[in-house]
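Thanks for taking a look at this one with me. Below are some numbered points to read alongside the sequence and the 3D view.

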Amino acid sequence: MTTQQESPVSAVISIQVENESGALARVIGLFSGRGYNIESLTVAPVDETRRQSRINIVTTATPRVLEQIRAQVERLVPVYRVSVMTAAEPHVAREMALVKVIASGERRADALRIAQAFRAHPVDASATSFVFELTGATDKLDAFIDLMRPLGLAEVSRTGVAAIARGAAIL
């Protein structure tokens, strides 16, 4: 009998939790205690009436480990629902970045042209710098940042991934 080795896949794990002190710490503690890596983490209130927040965690693991993560997270108190979204499940995932570029002359003009091509919006400008706001898929943000490096990339701040299932499926 031959066992086929599973390949790791990137996944967004969305978790609906009670918005209470310590809820995020319990979820993150589960990840760190079992050695699961967190590549991106976002959390924000999504239902003030029911006091619920949504946590989005991006991680890479085999499908079997992702299923283990789901089962372990579902057992935590104050978790209401858990969804694991991979490339196989239709979903929308976006993040936002603020990118500061310090440049002058031709490099400044090049930065503006690239920003326009990526639909990045200058949200702050001075004689020597720009701060661009860019929203999109993670690979789009990575590509923009890579192109800004030789032009004077000075600083980057990213939000992390927010994701939601496509169609009528809900968390």
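1. A word on terms before we start: a contact means heavy atoms within 4.5 Å. Among contacts in this protein between residues at least 6 apart in sequence, 73% join residues at least 24 apart.

2. Please keep in mind that this is a predicted model, in which local features need pLDDT of at least 70, side-chain atom pairs count only at pLDDT 80 or more, and totals for chains, interfaces and linings use all residues. Residues are numbered from 1 along each chain as its sequence is written, and side-chain values use heavy atoms, with hydrogens and water left out.

3. Now the overall picture. The protein has 4 helices and 9 strands; these are DSSP runs numbered from the N terminus, with helices being H or I of at least four residues and strands being E of at least two. Along the sequence they follow the pattern β-α-β-β-α-β-β-α-β-β-α-β-β. The C-alpha trace spans about 60 × 50 × 35 Å along its principal axes. Of the 171 residues, 37% are buried, where buried means under 20% relative accessible area, exposed over 50%, and partly exposed in between (1.4 Å probe, protein chains only).

4. There is one annotation to know about. UniProt, in an unreviewed entry, places the feature "domain: ACT" at residues 12-87. UniProt positions are given in the numbering used here, feature names are shortened, and annotations may be inferred rather than shown by experiment. In the model, this span is 30% helix and 42% strand, and its end C-alpha atoms lie 9 Å apart.

5. In what order do the 4 strands of the open sheet come? The order is 2-3-1-4, with antiparallel pairing; two strands pair if DSSP finds at least two bridges between them. Strand 2 (40-47) and strand 4 are the edge strands, each pairing on one side only. Neighbouring strands of this sheet are turned by 20° against each other on average, direction ignored. For this and other angles, axes are lines fitted to C-alpha atoms, for helices over the stretch in contact, and angles run from 0 to 180 degrees between N-to-C directions.

6. With strand 3 (residues 52-61), strand 1 pairs in the antiparallel sense over 10 bridges. Here Glu18 has Gln52 as its bridge partner, while Ala11 stands opposite Thr59. Strand 1 also pairs with strand 4 (residues 79-85), again in the antiparallel sense, over 6 bridges, and Val17 stands opposite Val79 there. Strand 1 is mostly covered, with 7 of its 10 residues buried. As background, side chains in a regular strand alternate between the two faces of the sheet.

7. Helix 1 (residues 23-33) lies across strands 1, 2, 3 and 4 and runs at about 15° to strand 3. Helix 2 (residues 63-74) lies across strands 1, 3 and 4 and runs at about 170° to strand 4.

8. Is Ser14 buried or exposed? Ser14, which sits in strand 1, counts as buried because its relative accessible area is 0%. Leaving aside neighbours within four places in sequence, its contacts include Asn56, Val82, Ala163 and Leu171. The Ser14 side chain also makes a polar contact with the side chain of Arg54 at 3.3 Å. A polar contact is a pair of N or O atoms within 3.5 Å; within protein, one must be able to donate a hydrogen and the other to accept it, and residues adjacent in sequence count only if both atoms are side-chain atoms.

9. Beyond neighbours within four places in sequence, Ser40 is in contact with Asn56, Ile57, Val58, Gly160 and Val161.

10. Finally, the aromatic residues. A search of the whole structure finds 4 aromatic pairs. One of them joins Phe31 and Tyr36 in an edge-to-face arrangement, 5.9 Å centre to centre with 80° between the planes. Rings of Phe, Tyr and Trp (its six-membered ring) pair if their centres lie within 6.5 Å; planes under 30 degrees apart count as stacked, over 60 as edge-to-face and the rest as tilted. Both Phe31 and Tyr36 are buried. Elsewhere, Phe118, Phe130, Phe132 and Phe144 form one aromatic cluster.
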